[in-house]
Each structure stands twice: as C-alpha cells, then as structure tokens.
Amino acid sequence: MSSVQIRDVRKSFGNFEVLHGVTIPIEDGEFVVLVGPSGCGKSTLLRMLAGLENITSGTISIGDRVVNNVQPKERDIAMVFQNYALYPHMTVADNMGFSLKLRGAKSEEISTGVKRAAEILALTPLLDRYPRQLSGGQRQRVAMGRAIVRDPQVFLFDEPLSNLDAKLRVAMRTEIKELHQRLRTTTVYVTHDQIEAMTMADKIVVMHDGIVEQMGSPLELYDKPENQFVAGFIGSPAMNFLKGQVKVNGSAFFEGPNGVKLPLASAPANSDGKPAVYGVRPEHFTIADDGAEAEIVVVEPTGSETQVFAKLGGEQVVAVFRERHLFNPGDKVRLKPDPSLVHLFDDSTGKRLNS
C-alpha cells in the first residue's frame, strides 16, 4: 500500500484546459472518492493517475516515486472499469488470473492468488463459468477480483456501479466498502453519484469545471459546505436556496423572496442589507406557529419519510418530515428552518458567509 500525491496537476487538450492545477493528498490506506457532474475532470484525473492520459504539468506520486513518465503496467495499480472489461472466451478463474499470467507468474502463484480473491468476493462456486453466464453484479465482482489478485499499491475505480440496477448498486456499495476495510489498500473511486460518495468515502473530493471545490470527510462537506456549489451537490434531496438580504434590526433575520422573513442564529459582521443566499436542507424544516407560511404543491410519501414540495415566498422548496402528517396539495403550513443549521452564501461569489 502507498499514499498518492497529486500536486498542481493540469491537463490540456490543445488550447482547452480541463484541469486547472488540482492538488489532492491521499493517505496510505485511504478511500477517496472524486465526485462531481459530468465534464468536471474527475475521470480524466483518474486516467492520468493510471497512466492512460499524459500530464500537461504538475506531478503525480505513488509512494515515494513520481510516476508522470512511468508506464501504466509499471505503476503497481489496478483499475476496475465501468464496463467490467472481461474476456468473454475465458472462465472467471482465467479472467482473474490473466494479469499474473502476463507478468510471468508461476501457475501455483496464479492459482493461490485467484483462490484468495475468489474467497474474499464469494466467487469460488463461479470460477469455471464464463462471463455470459454471470449477472451484472457477479461480473463486477470478477472485475474486482482481477484487481485484488494483482495485490496493487492502489485500487482505481471508474464509475464501477453505473451499469447496475438500483438495488444491486446498494449491495455492491456495501461490498466495495467492506472489501476496503478488509484489505486497507489505498483506493481512488470516481462517481457522479453523491450518495455513493457519502456512503463509501473516508474523504470526498468535490470537483467542478476542472478545479477542486472542497475536500473533506462526508459529514464535513454535508455540515459545512464552503460554497453554494458544494452545498447543492452534496445531499439528497438537495439543499433549498432562497435569495434575499441579511437584516439586523435588534436581532438578525433573513428577508427572502416577496418579503418572507426567515430566522438566523446570528449575522456575519457588516452584513446588514447585504444580498445573500439562504440555504436550508429539507430535513431542517419544522412546522411551527411562528414559521413562514407556505402552500403545499406536491406530497411524496416514501414510507419512512414524507417529502413535501411547497411554495415559500413564491419560490419552491422541499421539506422532509419523518413524522406522519396528512398533507394535501393546496394546504397552508408554516415552515420554520432551524436557525442553527442554516447556511448563508455570498450572492455574487457563492462563498460561505456564516461560520
């Protein structure tokens, strides 16, 4: 196992720069998830780490070795792809052991490595099957087994669950996390799904337009997003945003659209009258007599909770309640955000204003 250091890495295709000086420290044994919308540069960065793309400038180190000009096969990494990349004419055992065979390993070493990986991934009964005889989840486990057999310093996962159905994705998330806890191999995982990022990562790196917006533990990003982009990207349902002004008149409050007044625990220094964006997560609304009046538009019961889409000050917001309420479209309710959990962002830069 090894640490990975990505320092001021840039990538250009001709005159078009897609990565703008990305720096990410990855500790030995850490599970790091690169997450962001399509086109943010996360897959390009992973391919550069694997050696499949050249680096325009900056350095990537695996352990103590700078690998900018090192061939992929010499980097001691193993990559799991979105499309499994299995050889259809080979059995599961042959697919898993193929990289060792190419390396010139002895048959006993290959057999031992394949057996160990198969036991870890519960693939032992499937070793004589061909990929066409496997389900999607089983194929993905075979691809993971092929990576484990190599015993690499670093695992790279490129959106490995995208081709699976929703129920299987949940099961595979657990399997991959459990695998990491068992092997403790440094892992870099790329996804556009922030639920995968939140549930699997030791550290999340949120990327947008070729830069790192924020990195930290899942709950750090959820509780204290540094800007409006991270706040809106992390969390499902997404954070509600309302534009307005901070007001300080004896006590602090936020004046939102159409004059709706929303509570603040405190106001940032010199913020009276300053345009801002008021952020509140759906689960941080309560129904209270001193809340702001909202009109219910749509009710979505899921069993464990109820999602309510409502108009607040003329703007649509989403509230989530664990309690059972008999809501109907057109009903008027009073929604009150928890002022201690409110997020304030600068209206022009999107940067966080409150501590």
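How much space lies in the largest pocket? About 530 Å³ lies there, where a pocket is an open set of points on a 1 Å grid over the protein atoms alone, with protein on both sides within 12 Å along at least five of seven lines. The model is predicted, so local features need pLDDT of at least 70 and side-chain atom pairs count only at pLDDT 80 or more, while totals for chains, interfaces and linings use all residues. Residues are numbered from 1 along each chain as its sequence is written, and side-chain values use heavy atoms, with hydrogens and water left out.

**Largest pocket**

- The lining of the largest pocket comprises 17 residues, and the closest to the pocket centre are Met 79, Phe 81, Ser 99, Arg 146 and Arg 150; a lining residue has an atom within 4 Å of a point.
- Strand S6 (77–80), helix H2 (92–102) and helix H4 (136–149) are the elements giving two or more residues to this lining; helices (H or I, at least four residues) and strands (E, at least two) are DSSP runs numbered from the N terminus.
- By class, the pocket lining has 12 nonpolar, 1 polar and 4 charged residues, with Ala, Val, Leu, Ile, Met, Phe, Trp, Tyr, Cys and Pro counted as nonpolar, Asp, Glu, Lys and Arg as charged, and the others, Gly among them, as polar.

**Cavity**

- The structure holds 1 cavity of 30 Å³ or more; a cavity is a set of points where a 1.4 Å probe fits but cannot get out.
- The largest cavity has about 40 Å³ of space, a volume being the space filled by probe spheres set on the grid points, which are joined across faces, edges and corners.
- Its lining consists of Phe 31, Phe 155, Phe 157, Ile 176, Leu 179, His 180, Leu 183 and Thr 187, of which 6 are nonpolar, 2 polar and none charged.
- Strand S7 (154–158) and helix H5 (166–183) each supply at least two residues of the cavity lining, and H5 gives the most, with 4 residues.

**Sheet of 4 strands**

- An open sheet of 4 strands, in the order S2-S1-S4-S5, has antiparallel pairing; two strands pair if DSSP finds at least two bridges between them.
- Strand S2 (16–26) and strand S5 (65–66) are at the edges with a single partner strand each, so one side of each has no neighbour in the sheet.
- Helix H1 (residues 42–50) packs on this sheet and touches strand S1 (4–13), S2 and S4, contact meaning heavy atoms within 4.5 Å.
- The direction of H1 makes about 115° with that of S1; axes are lines fitted to C-alpha atoms, for helices over the stretch in contact, and angles run from 0 to 180 degrees between N-to-C directions.
- Strand S4 (residues 57–62) is joined to S5 by 2 bridges, and Ser 61 has Val 66 as its bridge partner.

**Sheet of 5 strands**

- A second open sheet, of 5 strands, has the order S13-S12-S11-S14-S19 with antiparallel pairing.
- S13 and strand S19 (343–346) are the edge strands, each pairing on one side only, and the twist averages 45° from one strand to the next.
- Strand S11 (residues 240–249) and strand S12 (residues 251–255) are joined by 5 bridges; in their hairpin, with 1 residue between the strands, Gly 250 takes a positive phi near 85°.
- S12 pairs with strand S13 (residues 261–263) over 3 bridges, and Asn 258 in that hairpin takes a positive phi near 55°.
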